[in-house]
Amino acid sequence: MRTLNRIFTAAAATLALGGSVIATATPASAAARDGVCDSGEFCYYYNSNHAGSLSDFTGSLGDYGTEQPSCYEFKSAGSGQGLCIKNEAASAWNRSSVTVRVYYNSGYAGSYQDLAPGAKVNLNATLKNQNASHEFNPSTRTDLSDALYSGGGGRVTCYFDQYTTTPGRHEGIDFAKAVGADVRALVSGQVIYIARGANGSGGLSTISIYNSSLNKSIIYLHTAPRSSLAVGQQISRGQVIADEAWRGVSSSSGAHTHVEMRFGRQTHASKSVNDPVLDNPNPNSFWQSQGYNVR
Ligand SMILES: [Zn+2]
């Protein structure tokens, strides 16, 4: 009866998450979510050195949930049993036959640690107790911060909806490299709006590129649009469209490029600063579908 109860609880938890489990090939020997780290599975442990309660998976999971009863939890007897696994795992064992990547953020985003098939390791200092998603057989993607700039070398300075000191909700992702760095289009499409602006807080620049097959607009702010850029122009992925600048930013040290994905044909970015309403959806899955890592 005890076993039956546990199976029922696991099934209910899966249902409660709305089927967000991304299925991968499930080896016949692996019974998922039963608190046993079977061959074919990827397992988290509450404590370092594979001690404490464990949580076993046969596939990728982009969102662990954060509260009971719907979160994914540590299953087996031992320290940590019943706790949600998000940001609580200290070690992991990859018993699958493919690489498993553990991410700092939900949605397969942010810093990560790769576990080769068979790897039985403590999570590194970045990921220990900071695990938020994991992916079986991660595809080879390009980091957005590399793709945005010719020669790569950019960095994310603020993720979507991750303002810490600015009031409002951040509707895009901010990247920075250096004033004058070539900025490239991340998605192909047609230029539907350009505002050139000027360096300084009052001089916001905007480039909107609409991709009709995706029915999405990618909007770039603060960078200086190339003089040759024109409304109506078709832009290919990777084409240089701007030079990094500080248009609409108070000082050159704050130069960056804000990249915002919006549904439909949109000429302007959503308001972020001082606006408590989030208009755009989280773009991480979109960027991944375009072959990018969100970092
Ligand atoms: Zn921004």
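Which residues of the largest nonpolar core touch the most other members?

Residue numbers start from 1 along each chain as its sequence is written. In this predicted model, local features need pLDDT of at least 70, side-chain atom pairs count only at pLDDT 80 or more, and totals for chains, interfaces and linings use all residues.

**View 1. The largest nonpolar core, with Ala92 and Leu144.** Ala92 and Leu144 touch the most other members of this core, which has 64 residues. A nonpolar core is a set of buried Ala, Val, Leu, Ile, Met, Phe, Trp, Tyr and Cys residues joined through C-beta atoms within 7 Å. Buried means that 20 or more other C-beta atoms lie within 10 Å of the residue's own, exposed means 12 or fewer, and partly exposed is in between, with C-beta atoms placed from the backbone. In soluble globular proteins, nonpolar side chains tend to be buried together.

**View 2. Contacts of Leu144.** With neighbours within four places in sequence left aside, Leu144 is in contact with Ile173, Phe175, Leu186, Trp287, Tyr292, Asn293, Val294 and Arg295. Contact requires C-beta atoms, placed from the backbone, to lie within 7 Å.

**View 3. The open sheet S5-S4-S7.** Its three strands pair in the antiparallel sense. S5 and S7 (133-136) are the edge strands, each pairing on one side only. Strands (E, at least two residues) are DSSP runs numbered from the N terminus, and two of them pair if DSSP finds at least two bridges between them.

**View 4. The hairpin of S4 and S5.** S4 (residues 100-105) and S5 are joined by five antiparallel bridges. Arg101 has Asp114 in S5 as its bridge partner, and Val100 stands opposite Leu115. Three residues lie between the two strands, and in this turn Gly107 has a positive phi of about 70°. S5 (residues 109-115) is mostly covered, with five of its seven residues buried.

**View 5. The open sheet of seven strands.** The order is S9-S10-S18-S14-S13-S12-S16, with antiparallel pairing. S9 (155-158) and S16 (234-235) are the edge strands. Gly189 has Ile235 in S16 as its bridge partner.

Key: Helices (H or I, at least four residues) and strands (E, at least two) are DSSP runs, numbered from the N terminus. Two residues are in contact if their C-beta atoms, placed from the backbone, lie within 7 Å.
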